[in-house]
Structure formats: C-alpha cells, structure tokens
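Hello,

Here is the structure I promised to pass on.

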Amino acid sequence: MTAAIESDLSRLDVSVDELASKGDFAALSALLADDFVYSHSTGLVQDKQEWLDSLKPLVGKRDRVANVVAVEMHGDVAVVKGDLDVVWREAPTKYNRYVRIYRLDSGAWRAISQVTTPAPDREPGKQ
C-alpha cells in the first residue's frame, strides 16, 4: 500500500511542475493547499496566489523539469525530495534541489510547502 501511495505522490509531484510550465493554473491550484508557501532558491517567499500569479508571465519562456529522488511518508503528511531544473529558452538552465511537503486533505494530497535551493554541483561539468 505504501509503495503505491509513494508512486502516486511521485507522479503527482512531477505534475506540479508540468502544470506550472504549460500554464494550467486551474489544475495546479487544485494541487496546492490554501496555506501553500513557496520558498524560492533566491530567498523570495510567496503564498499560493502570489506564486500562481508569478508563473503566468513565464509560460512559454521556460520549463520546470522535476526528477523525484525520494518520497517519505509520515501518516497524512508526505515529504518529496528531488532535483528541479528550470530550463530557460533564452537563458542558462538553473539547477536546483527541492523539498515539497504534502498533506492528505479530504482524500486528496495537496502541497503545503516547497523549499528550493540552488544546486551548482549539478551543473554540467561540475559532477
């Protein structure tokens, strides 16, 4: 059972960045809890609506590509860790790591927090 939940959460987690990239904000919003907070690699902290609004002008300019490394279950809370590349069309790719935390809410997993940090060691030629 836990393996199936972890697999589902891994797919759900990757979809957060896919939806953000293609601009499907209604579907993305449904995956985020109302109290969602995003702490960016730059130090900027945004609530759910601020993050969604900040994504809108970026559609078509870059893709967010997540690679889930681990899903850690804690009852009705799950911690998902992975690599996140922000692949810009006209700028260098940004290599990050992230931790996204989910809470089971009325039978659905919703992200409540994300912290992203730069990962310069992941840049090509630095491994």
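Let me start with Leu104, which touches Asp76 and Trp109 once residues up to four places away in sequence are left out (contact means heavy atoms within 4.5 Å). Leu104 sits in strand 5, a strand being a DSSP run of E of at least two residues, numbered from the N terminus. Its relative accessibility is 32%, so Leu104 counts as partly exposed (buried is under 20% relative accessible area, exposed over 50%, partly exposed in between, with a 1.4 Å probe and protein chains only). Between the C-alpha atoms of Leu104 and Asp85, 19 residues apart along the chain, there are 27 Å.

A word on the source: this is a predicted model, in which local features need pLDDT of at least 70 and side-chain atom pairs count only at pLDDT 80 or more, while totals for chains, interfaces and linings use all residues. Residues are numbered from 1 along each chain as its sequence is written, and side-chain values use heavy atoms, with hydrogens and water left out.

Arg100 also belongs to strand 5, which spans residues 94-105. Arg100 counts as buried because its relative accessibility is 0%. Its side chain makes polar contacts with the side chains of Asp13, at 2.7 Å, and Asp17, at 3.0 Å (a pair of N or O atoms within 3.5 Å; within protein, one must be able to donate a hydrogen and the other to accept it, and residues adjacent in sequence count only if both atoms are side-chain atoms). Beyond its neighbours within four places in sequence, the contacts of Arg100 include Arg64, Val79 and Gln114.

Best wishes

Definitions and conventions: Helix = DSSP H or I, 4+ residues; strand = E, 2+ residues; numbered from the N terminus.
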